[in-house]
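Keep the picture in view as you read.

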Amino acid sequence: MVNGPTAEVAGVDGGAVHRTLAAEITSVRDRRPGRTPRVLDVGGGSGAWAVPLARLGCAVTVVDNSPNALAALQRRARDAGVHELVTPVQGDVDALADVAPAGGADLVLGHGLLEVVDDAVVAASALATAAAEGGAVSVLVAGRYAAVLARTLAGKLAEARALLLDPDGRLGPGDALRRRLDAGALRRILESAGALRVEVLQGDGVLDGWIPGSVRDGGPAAAREAAELEQLAAAAPPLLDVAARMHALARRA
């Protein structure tokens, strides 16, 4: 069951993921001029990603099983002036075909989804089925090794050990997440789903969380420098696996 993005993978309007999605929308427009890009956001909750994409001129359908989240989505879309482009649908990834036509979306989002579903490969396959031929699937998941480092620095060594040793990167049966992933595990899930070819694999929040507050408060120049450093780190293989979130964009063949 999916109630929107988890706290560990909350969407934001900006950063490497937003740039990747904006570039994908530009590509859709180039391939199909004169047609509104169609986006399906599965588990999209209150619209952290849907509303920014609607601002880019996309028609966005948000599928979520929480009526409260969908009501918040509608309010958020109205406040942003894009309510006519956003369609809320109550549903679940386990029965996505019941609410979203196969091959109906130019871009399918599953942000904060794969770490909470029972079977990540089955969920990724459902996302792929919903994408049009040549369309893209974007997934954003909680990073395993960032969680290990964060708990180590907080002195929670038992939790860090559990995250490191558990095959799924879980703290135990009471963990709200069913899995935390590294870059290799995310790639394997998407490639196992069939019909998907990974084109982008990058970190989101690679160094951002480690920047001291004194630097963050250093004014616009410091903010720009931090943003440029984060952009460089997002695709750097040695740093990718310590990102707070892993992002992949995969193309449906």
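Please keep in mind that the model is predicted.

Two packed helices are described by the angle between their axes and the distance between the axes. For helix α4 (residues 120-130) and helix α7 (residues 183-192), the angle is about 60° and the axes lie 8 Å apart. That angle makes α4 oblique to α7, and the crossing is right-handed.

Which residues make the contact? From α4 come Ala-120, Val-121 and Ala-124, and from α7 come Ile-189, Leu-190 and Ser-192. Sorted by class, the residues of this contact are 5 nonpolar and 1 polar, with no charged ones.

## Helix α5 and its neighbours

Next, find helix α5 (residues 144-153), where Arg-144, Ala-146, Ala-147, Val-148 and Arg-151 are buried. These buried residues pack against β5 (131-142) and α6 (157-165). After α5 comes Gly-155, which has a positive phi near 80°.

The α5 and α6 axes are 8 Å apart, at an angle of about 165°. Angles over 145 degrees count as roughly antiparallel, and α5 and α6 are therefore roughly antiparallel to each other. Their crossing is left-handed. On the α5 side, the contact includes Tyr-145 and Thr-152, while Leu-157 and Glu-159 are among the α6 residues. By class, this contact of α5 with α6 has 8 nonpolar, 1 polar and 3 charged residues.

## Salt bridges

How many salt bridges does a search of the whole structure find? The total is 11. One of them joins the side chains of Arg-251 and Glu-24, at 2.7 Å from N to O. This pair links distant parts of the chain, since Arg-251 sits in strand β7 (residues 245-252) and Glu-24 in helix α1 (residues 15-31), 227 residues apart. Arg-251 is buried, with a relative accessible area of 12%, and Glu-24 is buried too, at 4%.

Another salt bridge brings together Arg-187 and Glu-191, at 3.6 Å from N to O. These two residues are 4 apart in helix α7, so about one helical turn separates them. Arg-187 is partly exposed, with a relative accessible area of 33%, and Glu-191 is partly exposed at 44%.

Arg-197 also forms a salt bridge, with Glu-199, and their closest N and O atoms are 3.0 Å apart. Both are partly exposed: Arg-197 has 47% relative accessibility and Glu-199 has 40%. Finally, a network of salt bridges links Glu-24, Arg-197, Glu-199 and Arg-251.

How values were computed. Residues are numbered from 1 along each chain as its sequence is written. This is a predicted model: local features need pLDDT of at least 70, side-chain atom pairs count only at pLDDT 80 or more; totals for chains, interfaces and linings use all residues. Side-chain values use heavy atoms; hydrogens and water are left out. Axes are lines fitted to C-alpha atoms, for helices over the stretch in contact, and angles run from 0 to 180 degrees between N-to-C directions. Angles under 35 degrees count as roughly parallel, over 145 as roughly antiparallel, 65 to 115 as roughly perpendicular and the rest as oblique. A crossing is left-handed if the near helix is turned anticlockwise from the far one by less than a right angle, and right-handed if clockwise. Contact means heavy atoms within 4.5 Å. Ala, Val, Leu, Ile, Met, Phe, Trp, Tyr, Cys and Pro count as nonpolar, Asp, Glu, Lys and Arg as charged, and the others, Gly among them, as polar. Buried means under 20% relative accessible area, exposed over 50%, partly exposed in between (1.4 Å probe, protein chains only). A salt bridge is a side-chain nitrogen of Lys or Arg within 4 Å of a carboxyl oxygen of Asp or Glu.
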